[in-house]
Amino acid sequence: MGFNCGIVGLPNVGKSTLFNALTATVNAQAANYPFCTIEPNIGRVAVPDERLDVLAKIDKAAKIVPTQLEFVDIAGLVKGASKGEGLGNQFLGNIREVDAIIHVLRCFENSDIVHVEGSIDPIRDAETVETELMLADLESLEKRLDGVTKKAKSGDKEAKAWVAVMEPALNLLRDGKPARLAKPEDPEALKLFNQLALLTAKPVLYVCNVDDTAAATGNAFSQKVFEMAQKQGNTAVVICAGIEQEIAQLPPEEQPEFLETLGLKETGLARIIKAGYQLLGLETFFTSGPKEAHAWTMRKGILAPQAAGIIHSDFEKGFIRAEVISYKDYVEHNGESGAREKGLLRQEGKNYVMQDGDVVHFLFST
């Protein structure tokens, strides 16, 4: 199980450069003109996790399999996208299909790279894109609510349930606020809300693209973005897409020294993944042994049978129990045998809530 993030923003803010860096490819053409990305580029990257390397070393694993993160590079939005301006309808459709939005904001000055608005203002740029997404959601909900309301008035219970989740979102959008603020807590209502596939219901990670002099500390532009994100309950990170692209071309053994010279402890990729995991409520569990050490992505709060199903649907169907060792205990006692001897291997049933870092062996019937 992985998750995908759509990289969005105005033209010429560094989206394709960031995509190239993250995926260590040159598939996305990074050109100095709008709409150089006509079809969304999709790339998968391994999620770096030091714990996986430790487990592989303990078990002398022949193979290491990290979990993966998918990035979708979506062409630049412009004012009027919700009405089809530029290639608006196509781009909005691409955004609708992703789990989360990575919103790249230009936070650097460079007279050689044209800005579509003629000046650098990341807050204005963020509002431009958010407005287009809200307008698209508003139009979509208004069309759908009319028909559902008629059914609800006739006593249709399902229609009434739909109206209950659609009306609060519509009212927010009419007030110029994103639909995510109307996300219900009730599990059944939440299922319906998620089926609406609203653009402004998706979690947002703001990526402040700065120049190389501000890669470690950020700048006045990025500071404003962080303040905006905090007010919204969203997250922001600072990166320099150009530097990330340079790092991606270096051999792995040379990357730490290069990062150190720039005052950076980790790559932008690592920061984006950590923020993305937190954004989507994701965690990792492991399976490990001599054949392979494998990392698996799961939703926070998932039960053991569902986690087993991530590996194979048959594991969930025939789930008997899970043998679980915490990562800390697994490492401290040098693997499964040592942890078992200390009584730290637990037998967990169908109601066990998986924890981040669990090292698991699932037992199932066929």
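A cavity, on a 1 Å grid over the protein atoms alone, is a set of points where a 1.4 Å probe fits but cannot get out, and its lining residues have an atom within 4 Å of a point. This is a predicted model, in which local features need pLDDT of at least 70 and side-chain atom pairs count only at pLDDT 80 or more, while totals for chains, interfaces and linings use all residues. Residues are numbered from 1 along each chain as its sequence is written, and side-chain values use heavy atoms, with hydrogens and water left out.

The structure holds one cavity of 30 Å³ or more. About 40 Å³ of space lies in the largest cavity, a volume being the space filled by probe spheres set on grid points that are joined across faces, edges and corners. Its lining consists of Val8, Ile101, His103, Ala126, Val129, Glu130, Leu133, Val204 and Tyr206. Helix H4 (122–153) and strands S5 (100–106) and S6 (204–209) each supply at least two lining residues, where helices (H or I, at least four residues) and strands (E, at least two) are DSSP runs numbered from the N terminus. H4 gives the largest share, four residues.

S6 runs parallel to S5, joined by six bridges; strands count as paired if DSSP finds at least two bridges between them. Here Leu105 stands opposite Cys208. Five bridges also pair S6 with strand S7 (residues 235–239), again in the parallel sense, and Asn209 has Ile239 as its bridge partner in S7.

Turning to charged side chains, the whole structure has 13 salt bridges, each a side-chain nitrogen of Lys or Arg within 4 Å of a carboxyl oxygen of Asp or Glu. Asp49, Arg51 and Asp356 are linked in a network of them. The N to O distance is 3.0 Å for Asp49 and Arg51 and 3.1 Å for Arg51 and Asp356. Arg51 lies in helix H2 (residues 50–59) and Asp356 in the loop between strands S11 (346–348) and S12 (359–364), so this pair ties together parts that are 305 residues apart in sequence. Asp49 is buried, with a relative accessible area of 18%, whereas Asp356, at 39%, is partly exposed (between 20% and 50%).

Conventions. On a 1 Å grid over the protein atoms alone, a cavity is a set of points where a 1.4 Å probe fits but cannot get out, and a pocket is an open set with protein on both sides within 12 Å along at least five of seven lines; lining residues have an atom within 4 Å of a point. Buried means under 20% relative accessible area, exposed over 50%, partly exposed in between (1.4 Å probe, protein chains only).
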